Amino acid sequence: MEVTNTKEESKTASIVVIGGGIAGVSCAETLSSLCKDEKITLITASPLIKAVTNFKQISRRLEEFEVEEKPGAALEAECENVKVLQVMVVSIDADKNEIQTSDGSTISYTKLCICSGGTPKLVSHDNPYVIGIRDTESVSHFQEKLSGARRVIIVGNGGIATELVHEIENCEVVWAIKDKSISATFVDAGAAEFFLPHLAGDKEVQEGPLKRLKYTVSNAAAKDQVQSGTKGGALGPDWSLGLTMKGKYNSARKVHVEYECEIKEIFTPEELKERNLEVDEPIGCSYLNCEWPVYVCFTNGKCYGCDFIVSATGVIPNSCSISCNKIFKIAQDGGIEVNDQMHTNVDHIYAAGDVCTASWDWAPHWLQMRLWSQARQMGCYVAQCIMADINKEKITLDFCFELFAHVTKFFGYKVILLGKFNGQGLEGKYDILLRMTKGVEYIKVISKDGRMQGAILIGETDLEETFENLILNQLDLTRYGEDLLDPGIDIEDYFD
Ligand SMILES: Cc1cc2nc3c(=O)[nH]c(=O)nc-3n(C[C@H](O)[C@H](O)[C@H](O)COP(=O)(O)OP(=O)(O)OC[C@H]3O[C@@H](n4cnc5c(N)ncnc54)[C@H](O)[C@@H]3O)c2cc1C
Ligand SMILES: NC(=O)C1=CN([C@@H]2O[C@H](COP(=O)(O)OP(=O)(O)OC[C@H]3O[C@@H](n4cnc5c(N)ncnc54)[C@H](O)[C@@H]3O)[C@@H](O)[C@H]2O)C=CC1
């Protein structure tokens with residue numbers, strides 16, 4: 001997409017959205033439908049934007065959608081009052097309501113929404129053997145390194161690590177986690193046990209293919225990004241499916257998990273020799289007594305060689321990548337603080353998606369996670385807040401922020417997380433109901449004083465709708481006891 005000459009653009013102020021990821025595009029699309037007479041300018045550093053397609057509400061709060069990367073011109077064709085500019089925003093002058101872009105233009109805004117996303121938090125930012133995964137460019141870089149790899153060390157125990165460990169083939173994997181059980185950011189130790197047999201086993205365990213959120217990674221996008229050197233939008237559902245994740249090792253997958261440890265130090269072979277350090281061999285791995293380009297020593301004393309390291313260790317919100325003459329209030333996790341109107345502490349400036357931190361009093365069963373679904377919800381909601389502000393109104397917090405609801409797929413199983421799915425904030429004082437059928441389903445219900453607070457549903461349980469309602473209406477379930485999870489009882493009939 002050629003860069004539109006932004007000079008003439010700056011004459012008339014418009015509502016400006018920074019960021020062509022899910023949050024920014026959802027914001028621009030919703031603004032376009034709500035404020036037909038307003039001029040909306042979406043400015044993004046990435047050559048392609050991310051748009052939601054095939055949106056499906058699978059329950060009152062669970063949503064499924066596909067994501068398509070497309071040129072900004074496609075959004076302009078769809079929303080006639082939206083202009084897409086592909087350029088980097090370098091600074092904001094909040095006194096003059098102007099932003100400066102990397103091509104030297106100044107663009108005025110009436111309202112500004114920052115949706116600049118996040119970047120991978122890496123265990124080391126200057127080691128060439130440590131890589132993060134965020135956008136199509138970083139995935140291409142990862143694939144290239146993996147194609148020549150015999151062994152990779154993956155650090156982190158969240159979404160990216162869990163998906164990578166499941167998808168990588170023909171390469172030994174050492175998965176180093178701080179926790180006592182795998183995928184702890186998403187599931188509890190019981191669910192981790194349920195997943196363990198699939199760690200190094202066959203990849204597809206699900207009876208019948210579960211429709212995965214389709215996410216198209218067009219190779220053109222990756223090439224463009226490399227040429228333009230810009231950071232693209234974050235990946236999301238299905239980023240890994242359909243991508244070749246093959247090493248050069250010619251045998252089945254080998255995964256060794258190193259529990260309760262972090263990286264202590266990373267060495268070159270020379271440094272290792274100088275320090276006269278002992279190298280260990282990961283259990284079950286086959287490349288023994290090899291020369292490796294990089295060595296990792298962990299806090300538990302183990303030291304392994306590998307071809308490269310993936311740091312799947314979270315996201316840093318891009319809250320400080322655009323300078324501003326006003327100081328934004330930044331939350332502890334690095335996001336720009338927003339209130340329940342998605343407003344920052346600076347006049348006329350909003351924020352949404354990975355870049356922001358929801359700083360209102362959260363509903364009892366909602367929590368922020370930097371997810372595709374929340375980026376979309378925030379993008380749509382902030383547009384409504386901006387429109388309300390223009391009309392000098394206030395709106396109530398959107399109902400999507402009443403309950404945390406996330407659907408994904410780990411180790412070939414559908415995973416649904418509802419409410420305080422890991423007992424977040426309940427200080428360990430809650431009751432658990434569990435039902436597990438090995439290789440088929442894992443259901444964990446968290447309740448307090450007889451009322452459901454959260455749930456983990458793995459497999460095709462069809463309980464999500466009922467459990468959503470039970471968490472929201474806080475019905476006292478004491479009298480149902482274990483019947484609640486009795487497979488012989490159709491609990492939907494109880495509560496219909
Ligand atoms: C590998 C991976 C897999 C994931 N899988 C899932 C999943 O399965 N399910 C799920 O729910 N979530 C998933 N996520 C999280 C999800 O991708 C993010 O939460 C979501 O995409 C964030 O959207 P965003 O629009 O806030 O930010 P981003 O997608 O990061 O978009 C930010 C945009 O801002 C632009 N930008 C940044 N700075 C500037 C600037 N100065 N000037 C102009 N433009 C700028 C960027 O170019 C980009 O277009 C995954 C994330 C990763 C990295
Ligand atoms: N299926 C899904 O829903 C997916 C969601 N995502 C989302 O994308 C974003 C990025 O994913 P991730 O990087 O996996 O983030 P994450 O937040 O999911 O996981 C980060 C993990 O790294 C660990 N960690 C942090 N610092 C560490 C350190 N120094 N040493 C060892 N471990 C450390 C954390 O404890 C956590 O387990 C997240 O917001 C995540 O929720 C990503 C992939 C899939």
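**Figure 1. Backbone contacts to ligand 2 in the predicted model.** In this predicted model, a backbone N or O atom of Ala312 lies 3.4 Å from an oxygen atom of ligand 2. Gly314 also approaches the ligand through its backbone. Here a backbone N or O atom is 2.9 Å from a ligand oxygen. For Asn157, the distance from a backbone N or O atom to an oxygen of ligand 2 is 3.2 Å. Ligand 2 taken alone exposes 830 Å², and the protein buries 80% of that.

**Figure 2. The shell around ligand 2.** There are 22 residues around ligand 2. Ile160, Thr185, Arg370, His406 and Thr408 come nearest. Two elements each supply at least two residues of this shell: helix H4 (159–167) and strand S23 (405–410).

Figure 3. Gly19 sits in the loop between strand S1 (14–18) and helix H1 (22–34). Is Gly19 buried or exposed? Its relative accessibility is 9%, so Gly19 counts as buried, the cut-off being under 20%. Thr44 is 25 residues away in sequence, yet the C-alpha atoms of Gly19 and Thr44 are 4.7 Å apart in space. Leaving aside neighbours within four places in sequence, Gly19 is in contact with Gly24, Val25, Leu42, Ile43, Thr44 and Cys115.

**Figure 4. The annotated FAD/NAD(P)-binding domain.** An unreviewed UniProt entry carries the annotation "domain: FAD/NAD(P)-binding" for residues 14–171 and 297–379. Over residues 14–171, the chain is 26% helix and 38% strand. The end C-alpha atoms of that stretch are 51 Å apart. Residues 297–379 are 10% helix and 29% strand. For this stretch, the end C-alpha atoms are 42 Å apart.

**Figure 5. The Asp307–Arg150 salt bridge.** Asp307 forms a salt bridge with Arg150. The closest N and O atoms are 2.9 Å apart. Which parts of the chain does the pair link? Asp307 is in the loop between strand S16 (303–306) and strand S17 (308–311). Arg150 is in the loop between helix H3 (136–147) and strand S11 (151–155). These distant parts of the chain are 157 residues apart. Both Asp307 and Arg150 are buried.

**Figure 6. The Lys414–Glu464 salt bridge.** Lys414 and Glu464 pair in a salt bridge, with 3.8 Å between the closest N and O atoms. Lys414 lies in strand S24 (residues 413–419), and Glu464 lies in helix H9 (residues 464–473). The pair therefore ties together parts that are 50 residues apart in sequence. Lys414 is buried, and Glu464 is buried too.

**Figure 7. The Glu78–Lys70 salt bridge.** The side chains of Glu78 and Lys70 meet in a salt bridge at 3.6 Å, N to O. How do the two partners stand in terms of burial? Lys70 has 16% relative accessibility, so Lys70 counts as buried, the limit being under 20%. Glu78 has a relative accessible area of 45%, so Glu78 is partly exposed.

**Figure 8. A salt-bridge network.** Three residues are linked in a network of salt bridges: Arg151, Glu172 and Glu281. How many salt bridges does the structure hold? The count is 23.

Key
Residues are numbered from 1 along each chain as its sequence is written. Chains are lettered from A and ligands numbered from 1 in the order in which they are written. This is a predicted model: local features need pLDDT of at least 70, side-chain atom pairs count only at pLDDT 80 or more; totals for chains, interfaces and linings use all residues. Side-chain values use heavy atoms; hydrogens and water are left out. A salt bridge is a side-chain nitrogen of Lys or Arg within 4 Å of a carboxyl oxygen of Asp or Glu. Buried means under 20% relative accessible area, exposed over 50%, partly exposed in between (1.4 Å probe, protein chains only). Helices (H or I, at least four residues) and strands (E, at least two) are DSSP runs, numbered from the N terminus. UniProt positions are given in the numbering used here, feature names are shortened, and annotations may be inferred rather than shown by experiment. Contact means heavy atoms within 4.5 Å. A residue is near a molecule or strand if one of its heavy atoms lies within 4 Å of it. A polar contact is a pair of N or O atoms within 3.5 Å; within protein, one must be able to donate a hydrogen and the other to accept it, and residues adjacent in sequence count only if both atoms are side-chain atoms. Accessible areas come from the Shrake-Rupley method with a 1.4 Å probe; for residues, only the protein chains shown count as cover.
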